[in-house]
Structures are given as C-alpha cells and as structure tokens.
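This report describes selected structural features of one protein chain. The sequence and the coordinates come first, and the account follows.

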Amino acid sequence: MESKVRVLPPEELMDQLLGLLEDTESVPLLISGNSMSPFMIHGRDTVYLSKVKEPLKKGDMILYRRASGAYILHRICKVRSTAQQCVYDLVGDAQTLIEPGIKPEQVLAVVVAVNRKGKLLKKGSFLWGFFEKVWLRLIPLRHVLMKAYTLMTKWKR
C-alpha cells in the first residue's frame with residue numbers, strides 16, 4: 001500500500017500543532033533547519049512541545065514567531081525585564097548572533113523533551129544540561145568549536 005505524505009504550509013501546520021497543545025500534554029515536531037545543531041539535527045531529531053506553564057528562564061528552548069511571521073525554535077540566553085514586561089534574548093545552538101527582545105506573546109510553546117538519535121532526553125539529562133548551561137556560556141567561542149566538531153565528525157567517518 002502506498003503511503004501518502006501531505007505537506008502543509010507553515011501557517012496551517014502551526015495552527016494544527018497549537019490546537020493539539022490545547023488538548024494534550026505534549027506534541028512532537030520534527031526538527032527542520034540547522035540552527036539548533038549540534039544538539040538537534042535537521043530531519044533526524046524530534047522535539048516535544050508543551051504549553052508554557054511556568055515562567056521561562058535562561059536555557060529553555062522555545063518555539064516562537066518572529067514579527068516577520070517565521071516560526072523559530074531557539075534557546076533563551078537572557079531574560080530581561082523592561083518597564084512594561086519581560087523580554088527574551090534568543091540564540092540557536094549553532095549560532096553566535098543573539099536575537100534580542102522577543103516578547104512573551106510571541107512565545108508559542110516550550111520544549112519539554114527531545115528525541116535525539118532515537119533516545120528520549122529530558123531536563124536533567126547530561127546532554128540537556130550541557131547545552132542548557134555550558135554551551136550557552138560558550139557563545140563567543142562557538143564558531144571555533146563548531147569547526148572543530150565538524151572536522152572531528154568528518155574524520156570519524
């Protein structure tokens with residue numbers, strides 16, 4: 001029997017995903033893009049998204065919508081309070097440029113688990129903690145570390 005794949009436009013996909021979050025504890029989403037490597041890899045890994053139930057903090061991974069309409073999954077590198085509200089500065093694990101000033105109303109969901117290489121990782125696991133705490137502090141060195149990582153993985157093959 002032939003399997004049919006239906007490709008949805010981002011708006012429709014996100015509407016369905018956010019609708020599912022109203023009724024379930026978490027919703028899986030296959031990673032698309034490379035901004036969260038080396039922790040998560042495009043087309044290989046899946047995140048499990050949940051509604052935001054607690055105050056967000058540094059190290060949390062969130063799905064948000066940019067003013068341009070793009071849906072992005074990045075990590076909070078700083079929480080700042082302004083006179084009106086708190087805002088989040090975000091960065092992908094593969095990036096060194098920080099995106100400042102994301103407002104709470106732009107946040108759609110928080111990552112509660114990751115299926116990485118077939119293993120389910122949650123807060124408290126070694127890799128989760130490494131990227132949440134150590135990797136986040138290495139933003140200025142990431143370009144060098146990513147080059148070294150790329151060379152090591154090519155050499156390993």
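R116 has K119 of strand 8 as its bridge partner. The two strands concerned, strand 7 (residues 107-116) and strand 8 (residues 119-122), run antiparallel and are joined by four bridges, where strands count as paired if DSSP finds at least two bridges between them. Together strand 7 and strand 8 form a hairpin with two residues between them, and K117 in the turn has a positive phi of about 55°. Helices (H or I, at least four residues) and strands (E, at least two) are DSSP runs numbered from the N terminus.

## Basis of the description

The model is predicted, so local features need pLDDT of at least 70 and side-chain atom pairs count only at pLDDT 80 or more, whereas totals for chains, interfaces and linings use all residues. Residues are numbered from 1 along each chain as its sequence is written, and side-chain values use heavy atoms, with hydrogens and water left out.

## Helix 1 and its buried face

The end C-alpha atoms of helix 1 are 20 Å apart, which agrees with the 20 Å that its 14 residues should span at 1.5 Å a residue; the expected span is 1.5 Å times one less than the number of residues. In this helix M14, L17 and L21 are buried, a term that means under 20% relative accessible area, with exposed meaning over 50% and partly exposed in between (1.4 Å probe, protein chains only). Seen down the axis, the buried residues of helix 1 fall within an arc of 65°, so they line one face of the helix, the arc being that of the directions from the helix axis to the C-beta atoms. An α-helix has 3.6 residues a turn, so residues three or four places apart point the same way.

The buried residues of helix 1 are covered by elements including strand 1, strand 2, strand 3, strand 4 (71-81) and strand 7, with contact defined as heavy atoms within 4.5 Å. The face turned away from the buried side carries the exposed residues D15, E22 and D23.

A search of the whole structure finds five aromatic pairs, meaning rings of Phe, Tyr and Trp (its six-membered ring) whose centres lie within 6.5 Å, with planes under 30 degrees apart counted as stacked, over 60 as edge-to-face and the rest as tilted. F39 is buried at a relative accessible area of 0%, and W128 is buried at 4%. F39, W128, F130, F131 and W135 form one aromatic cluster.

Helix 2 has 12 residues and reaches 16 Å from its first C-alpha to its last, close to the 16 Å expected. Its buried residues are W128, G129, F131, E132, W135 and L136.

## Salt bridges

The count comes to 11 salt bridges, each a side-chain nitrogen of Lys or Arg within 4 Å of a carboxyl oxygen of Asp or Glu. In one of them the side chains of K51 and E22 meet at 3.4 Å, N to O, and this pair links the loop between strand 2 and strand 3 (61-65) with helix 1 (residues 10-23), 29 residues apart.

In helix 2, buried E132 forms a salt bridge with K133, the closest N and O atoms being 2.9 Å apart. Salt bridges that share partners join K57, D60, K123, E132 and K133 into one network.
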